[in-house]
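Morning, everyone. Let's look at one structure together, and start with what surrounds its ligands.

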Amino acid sequence: MLSRSFRLLSGYLNRMLPEVVFVLGAPGAGKGTQCSFISKEYDFVHLSAGDLLREERQRPGSEYGEMIEEKIRNGEIVPVEVTCSLIHKAMQKSGKMRFLIDGFPRNKDNLDGWNRVMSDKTKLLFVIFFECSRDLCTGRCLGRGAAGSGRSDDNLESLQKRFNTYLNDTMPIIEHYEQMGLVRRINSEAAPEEVFKNVKKVFNTAGLNGLVN
Ligand SMILES: Nc1ncnc2c1ncn2[C@@H]1O[C@H](COP(=O)(O)OP(=O)(O)O)[C@@H](O)[C@H]1O
Ligand SMILES: O=c1ccn([C@@H]2O[C@H](COP(=O)(O)OP(=O)(O)O)[C@@H](O)[C@H]2O)c(=O)[nH]1
């Protein structure tokens, strides 16, 4: 009896937690593009860790501006205390309950930091992993740079470093979630609308099919 009440109560409390989907994949795999599609059709707020860091870098008086710029240019990962606190603040500011966290967690420091501070405040639904060949991803990022992204890392030299970081540091995080049965793999080499069809299948299968807006 007591254990049933406990289960009901913890189930209820669990449902009250903000829900999170992590979105991972190589640089240029299409994470941002797909997240913006998802947030238009489903009740999820898109939070790009990279965008939050770039905003913080531009914020007058930020003590982290230079460090963030250096890390981004070199394709290295910013310490989790900075990234996690930006994500947490953006979640609170939104007043919403469902979040796509794009481009995070990218290494063990990110994963451990999130688990330390955020895992008991949120419920991780699943992890989307966009799979795309290195050549296509490189071409997309260079195209984004040529089209005027203004990003200091959309160049060949930074891209080589970003890919090394992705292979050495981010792939083990994806494998970690794979072992937990949380990864939803989606090939992202086709046109954006085609990729989105498969993204929708993942959300609908998870019972998140309520359209919004
Ligand atoms: N499926 C796709 N096919 C072709 N180009 C794409 C596709 N998805 C994204 N792009 C383009 O590739 C670049 C990188 O996409 P983006 O969504 O910013 O990737 P990420 O967030 O993974 O770095 C952008 O210029 C975007 O317009
Ligand atoms: O949690 C994060 C997300 C991004 N970055 C930095 O921001 C850069 C750009 O990341 P973003 O996700 O914006 O772009 P992508 O590399 O996926 O195209 C990365 O190479 C890192 O230097 C980081 O340090 N921590």
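First, a term. A residue is near a molecule if its C-beta atom, placed from the backbone, lies within 6 Å of it. Keep in mind that this is a predicted model.

Take ligand 2. Around it sit 20 residues. Which ones come nearest? They are Pro 27, Ala 49, Gly 50, Val 78 and Gly 103. Two elements give two or more residues to this shell: helix 3, residues 49-58, and helix 4, residues 65-73. Helix 3 gives the most, with three residues. By class, the shell around ligand 2 holds seven nonpolar, seven polar and six charged residues.

Now ligand 1. Its shell has 15 residues. Gly 30, Lys 31, Gly 32, Thr 33 and Arg 140 come nearest. Which helices each supply at least two residues here? Helix 2 (31-41), helix 7 (134-146) and helix 9 (192-205) do. The shell around ligand 1 divides into five nonpolar, seven polar and three charged residues.

Back to helix 3. It has a partner, helix 5, residues 80-94. Their axes come within 10 Å and cross at roughly 100 degrees. Angles of 65 to 115 degrees count as roughly perpendicular, so helix 3 and helix 5 are roughly perpendicular to each other.

Who meets whom? From helix 3 come Ala 49, Leu 52, Leu 53 and Glu 56. From helix 5 come Thr 83, Leu 86, Ile 87 and Ala 90. That contact has six nonpolar residues, one polar and one charged.

Note on methods:
Residues numbered from 1 in each chain as written. Chains lettered and ligands numbered in written order. Predicted model: local features only at pLDDT ≥ 70, side-chain atom pairs only at ≥ 80, totals over all residues. Helix = DSSP H or I, 4+ residues; strand = E, 2+ residues; numbered from the N terminus. Nonpolar A, V, L, I, M, F, W, Y, C, P; charged D, E, K, R; others polar. Axes fitted to C-alpha atoms, helices over the stretch in contact; angles between N-to-C directions. Parallel < 35°, antiparallel > 145°, perpendicular 65-115°, else oblique. Contact = placed C-beta atoms within 7 Å.
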